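Please look through the structure below before reading on. The paragraphs that follow take it from its charged pairs to its strands and overall layout.

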Amino acid sequence: MRILSVLFLSAAVAGSMAAQQAPPKTNLKVGDMAPDFTLPSTAGKPVTLSDFRGKSAVVLAFFPAAFTGGCTKEMLAYQASLAKLEGVETQVFGISADNTPSQKEFADKLKLTFPLLSDFAKRQVAADYGVLIVDRGFANRATFVIDKEGRIQHIEEGSAAIDPTGAETACARIHHKN
């Protein structure tokens, strides 16, 4: 009986903690201009979002933390979809609040061929996109698909963003419009 009570209490506390830490919902909407940024990259040079205007669509895949189960699954799914996304003129970036050396190790371990961007210094990009969990210091999982004009065309948040299918569909739609 005592073990059952402890298990029940643990489940109640875990449920309460999950309710208190509900992830933010972005204030950005489809059709908004994507906030511009420049971030350090695992590719070795900083990446500026506006440099892609007129050239390619962009997928920004915000993930909470390198080396965690969900983030590993998400980044591997994007790697598996990379040829499809590049085939519709789309550049993929993973973004987290991890520092660049940690991201580089994570990318090397997973054999990722797309860059990861570090929002470690100020976490300003996650804040600008409305996905920063302030008290935890990392971003909620979210995907933003941005067209060649710099407008957001697709947003997914939470666990649904682990699967790149929605981003793939949005990128194909953008490509066929042009």
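A salt bridge is counted when a side-chain nitrogen of Lys or Arg lies within 4 Å of a carboxyl oxygen of Asp or Glu. Side chains of opposite charge can pair when their charged atoms come close. K104 and D108 form such a salt bridge, with their closest N and O atoms 3.3 Å apart. The two residues are 4 positions apart in helix α3 (residues 100-110), so about one helical turn separates K104 from D108. Helices (H or I, at least four residues) and strands (E, at least two) are DSSP runs, numbered from the N terminus.

This is a predicted model, in which local features need pLDDT of at least 70, side-chain atom pairs count only at pLDDT 80 or more, and totals for chains, interfaces and linings use all residues. Residues are numbered from 1 along each chain as its sequence is written, and side-chain values use heavy atoms, with hydrogens and water left out.

K104 counts as partly exposed because its relative accessibility is 38%. D108, at 47%, is also partly exposed.

By the salt-bridge rule the count comes to 4. One of them joins R141 to E74, where the closest N and O atoms are 2.6 Å apart. R141 lies in the loop between β7 and β8 (142-146) and E74 in helix α2 (residues 69-86), so this pair ties together parts that are 67 residues apart in sequence. R141 is buried, with 11% relative accessibility, and E74 is buried at 0%.

Another salt bridge links K84 with E168, at 3.4 Å between the closest N and O atoms. Here K84 belongs to helix α2 and E168 to helix α5 (residues 165-177), so the pair ties together parts 84 residues apart in sequence. K84 is exposed at 56% relative accessibility, whereas E168 is buried at 14%.

Which charged residue is buried yet has no salt bridge? That residue is E157, whose nearest side chain of opposite charge, K25, is 4.9 Å away. E157 sits in strand β9 (residues 152-157), and its side chain reaches the backbone nitrogen of T26 at 3.2 Å.

Strand β3 (residues 57-62) is largely enclosed by the rest of the structure, because 6 of its 6 residues are buried. A57, V59 and A61 point one way from β3, and V58, L60 and F62 point the other way. β3 runs parallel to strand β4 (residues 90-96), and 6 bridges join the two; strands pair if DSSP finds at least two bridges between them. Within this pairing, F62 stands opposite I95 in β4.

The chain as a whole has 5 helices and 9 strands, which follow one another from the N terminus as α-β-β-β-α-β-α-β-α-β-β-β-β-α. Of its 178 residues, 47% count as buried. A contact means heavy atoms within 4.5 Å; among contacts with a separation of 6 or more, residues 24 or more positions apart account for 65%. One example of distance in sequence and in space is R136 and P64, which are 72 residues apart in sequence and 9.8 Å apart, C-alpha to C-alpha. R136 lies in the loop between β6 (132-133) and β7 (138-139).

How values were computed: Buried < 20%, exposed > 50% of the residue type's maximum accessible area, 1.4 Å probe, protein only. Lys, Arg positive; Asp, Glu negative; His and termini not counted. Polar contact = N/O pair within 3.5 Å; in protein donor to acceptor, adjacent residues only side chain to side chain.
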